[in-house]
Amino acid sequence: MTSVIVSSPYVSPSKSLRQLMINVIIGLVPGTLAYIWFFGYGVLVNIILAIGLALIFEAIVLKLRDKPIKPHLTDFSAVVAAWLFALCLPMNSPWWLVLIGIGFCMIAGKHLYGGLGFNPFNPAMVGYVALLISFPKEMTTWYLPQVISGQSLSLIDSLAYSFGLFEIEHWDAFSSATPLDQYKTGLTQNLAASEIFQSPVFGALGGVGWEWIAGGWLIGGFWLLISRTINWHIPVAVVCGLLLFATGRYFLDTATVASPVFHLFSGSIIIGAFFIATDPVTAATTNKGRIYYGLMIGMLVYIIRSWGGYPDGVAFAVLLANMCVPLIDYYTQPRIYGGQDQDE
Amino acid sequence: MTTNSEITQSGLWTNNVALVQLLGLCPLLAVTSTVVNGVGLGLATLVTLVVSNTLVSLIRGFVRSEVRLPVFVLIIASVVTIIELAMKAFFYDLYLVLGIFIPLIVTNCAIIGRAEGFASKNPVGTSALDGFMMGFGFLIVLSVLGGLREIIGFGTLFANANLMFGEAASVLTIVLNADYGGFLLAVLPPGAFFGLAILIVIKNLMDERKPVTSRAVDDSLVDNL
């Protein structure tokens with residue numbers, strides 16, 4: 001009879017990187033489907049273009065760095081980053097916009113820092129912010145939800161449009177600012193919140209369509225929690241951080257300030273809380289630190305939305321919080337078991 | 001003993017202010033959004049370097065070493081003030097574009113560095129040559145970086161050349177692509193960091209491909225230090 005001698009560690013990690021990434025992709029599906037349903041195939045074209053280009057960039061850089069290509073491509077981390085990046089873009093973005101953004105995301109955001117696991121900033125957000133400050137016109141032309149504009153493009157037309165092979169007639173009937181953008185512009189025109197919300201783009205909770213998409217992200221977020229891909233600390237803290245400010249200010253001034261519910265269901269706060277802020281590489285690593293980190297993102301989003309120059313601030317908030325992660329981690333190191341607190 | 005050719009090579013390449021010493025980054029990063037801005041600031045810095053190196057070298061026998069740094073700073077500040085007033089008089093539009101960065105040449109570490117490191121120990125002729133070559137190396141980097149950022153950022157080259165060379169120079173402006181929307185990142189501060197980093201990468205790659213003999217000289221110099 002033979003016995004197998006096994007050395008520690010006896011508890012093997014339950015999830016590989018690949019399994020984690022597949023869980024995130026499954027979590028992204030409901031929200032993405034809602035997004036495509038309301039805004040047409042342009043969303044899908046963005047995602048496919050971004051993933052394809054991301055894999056090409058990843059392969060080129062890995063080749064330059066003499067790293068094995070296949071294991072890095074099949075761990076799906078590039079796919080997740082590209083997917084998240086594509087969701088930030090306006091629908092039917094021109095191909096070169098996706099190319100530049102994903103190039104920044106993969107090369108400057110990820111590989112210049114040493115690749116997956118070494119990047120201090122969320123790569124998808126690095127790519128998005130680079131585009132946002134470089135191409136303000138292209139990055140703020142959004143579509144109306146199809147239920148309002150009553151027009152839709154077929155998949156082939158969407159694809160052709162991204163490559164400049166197809167012209168949209170009556171462009172004005174299609175395009176519109178996002179609800180958050182409209183709200184912000186309305187405020188600068190000294191309109192009260194109740195007047196701004198008369199516009200047909202606003203629904204019961206947030207913007208028409210946007211509230212359902214946010215619901216989709218919420219379902220995906222719960223899947224991430226149930227499958228233990230992420231911990232509850234960061235999403236809860238992000239939402240609390242936002243609600244803390246939004247509720248406080250709403251009760252002080254209900255006439256001009258948007259309700260906390262509108263803030264929660266507009267823009268990208270839910271996807272940001274569950275999918276972007278929780279990136280294990282760039283988020284804080286201790287549980288206490290994660291709460292501070294999440295609160296900071298939530299508060300910064302509200303501050304940027306209310307007093308900043310941009311209508312939404314999730315990307316900037318995440319990048320700023322990423323910057324503080326080493327500091328947060330340093331001050332929230334848990335007590336070593338058996339050791340003493342320094343205060344005692 | 002340093003020969004003139006060594007001084008030239010050091011100023012333009014092996015010891016380039018911007019690419020190797022990484023001095024004077026503040027003006028380098030701030031004003032190089034177009035070629036004309038880069039050339040304008042580069043010329044002002046070049047003149048400052050030549051004049052301050054010459055003056056420092058002239059007085060190097062009289063100044064006690066305890067007070068040499070304040071004296072150097074006074075000389076540099078006076079030279080920069082003269083250049084600032086001259087630019088105000090003759091190139092007022094360019095002066096408005098470069099603005100605060102003209103007086104800030106005073107704080108360019110390359111200038112006090114050359115005064116302390118070279119001009120205070122060498123005769124007038126070589127000091128002036130050193131100032132010229134260091135300034136010229138800086139000017140080249142400023143122009144190239146300005147060109148890089150202008151092409152990517154605006155899709156033009158030599159825009160606003162009339163600010164510096166008079167109205168006749170307007171014809172110099174090249175519009176590479178009239179439909180180009182512009183890539184704002186290249187014009188904003190991050191673009192300057194990316195651009196400078198790319199230039200340093202190119203320089204280092206070129207050095208790596210050089211024959212080993214010329215690098216051996218550099219290494220022996222380092223050993224002597």
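Is Lys110(A) buried or exposed, judged by its relative accessibility? Lys110(A) counts as buried, at 4% relative accessibility, where buried means under 20% relative accessible area, exposed over 50%, and partly exposed in between (1.4 Å probe, protein chains only). This briefing concerns a predicted model, in which local features need pLDDT of at least 70, side-chain atom pairs count only at pLDDT 80 or more, and totals for chains, interfaces and linings use all residues. Residues are numbered from 1 along each chain as its sequence is written, chains are lettered from A in the order in which they are written, and side-chain values use heavy atoms, with hydrogens and water left out.

**Salt bridges**

- A salt bridge is a side-chain nitrogen of Lys or Arg within 4 Å of a carboxyl oxygen of Asp or Glu. By this rule, six salt bridges are counted over all chains.
- Side chains of opposite charge can pair when their charged atoms come close.
- Lys110(A) pairs in this way with Glu58(A), and the closest N and O atoms are 3.1 Å apart. Glu58(A) belongs to helix α2 (residues 42-64) of chain A, while Lys110(A) belongs to the loop between α5 (95-108) and α6 (123-134) of chain A, so the pair ties together parts that are 52 residues apart in sequence. Helices (H or I, at least four residues) and strands (E, at least two) are DSSP runs, numbered from the N terminus.
- Glu58(A) is buried, its relative accessible area being 1%.
- In chain B, Asp207(B) forms a salt bridge with Lys203(B), with 2.5 Å between the closest N and O atoms. Both residues lie in helix α10 (residues 189-209) of chain B, four residues apart, about one turn of the helix.
- An α-helix has 3.6 residues a turn, so residues three or four places apart point the same way.
- Asp207(B) is buried, with a relative accessible area of 19%, and Lys203(B) is buried, with a value of 5%.
- Another salt bridge joins the side chains of Glu66(B) and Arg64(B) (3.5 Å, N to O). Here Glu66(B) is exposed, at 58% relative accessible area, and Arg64(B) is exposed, at 59%.

**Where chain A meets chain B**

- Seven residues of chain A are in contact with six residues of chain B, contact meaning heavy atoms within 4.5 Å.
- The two chains, A and B, bury about 580 Å² between them, and 80% of it is on carbon and sulfur atoms. Buried area is the accessible area (1.4 Å probe) that two parts lose on being put together, summed over both.
- In chain A, the residues that lose the most area to chain B are Phe104(A), Ile133(A) and Ser134(A), together 66% of what that side buries.
- Between chain A and chain B the count is zero salt bridges, but two residue pairs are in polar contact (both at pLDDT 80 or more). A polar contact is a pair of N or O atoms within 3.5 Å; within protein, one must be able to donate a hydrogen and the other to accept it, and residues adjacent in sequence count only if both atoms are side-chain atoms.
- On the side of chain A that touches chain B, α5 and α6 each supply at least two residues. The most comes from α5(A), with three residues.
- By class, that side of chain A has six nonpolar, one polar and no charged residues. Ala, Val, Leu, Ile, Met, Phe, Trp, Tyr, Cys and Pro count as nonpolar, Asp, Glu, Lys and Arg as charged, and the others, Gly among them, as polar.

**The build of chain B**

- Chain B has 11 helices and two strands, and along the sequence their pattern reads α-α-α-α-α-α-α-β-α-β-α-α-α.
- Of the 225 residues in chain B, 42% are buried.
- In helix α1 (residues 4-14) of chain B, the residues Ile7(B), Ser10(B) and Gly11(B) are buried. Seen down the axis of α1(B), its buried residues fall within an arc of 90°, so they line one face of the helix. The arc is that of the directions from the helix axis to the C-beta atoms.
- The cover over the buried residues of α1(B) includes α7 (124-154) of chain B.
- Phe154(B) lies in helix α7 of chain B and is partly exposed, with a relative accessible area of 39%.
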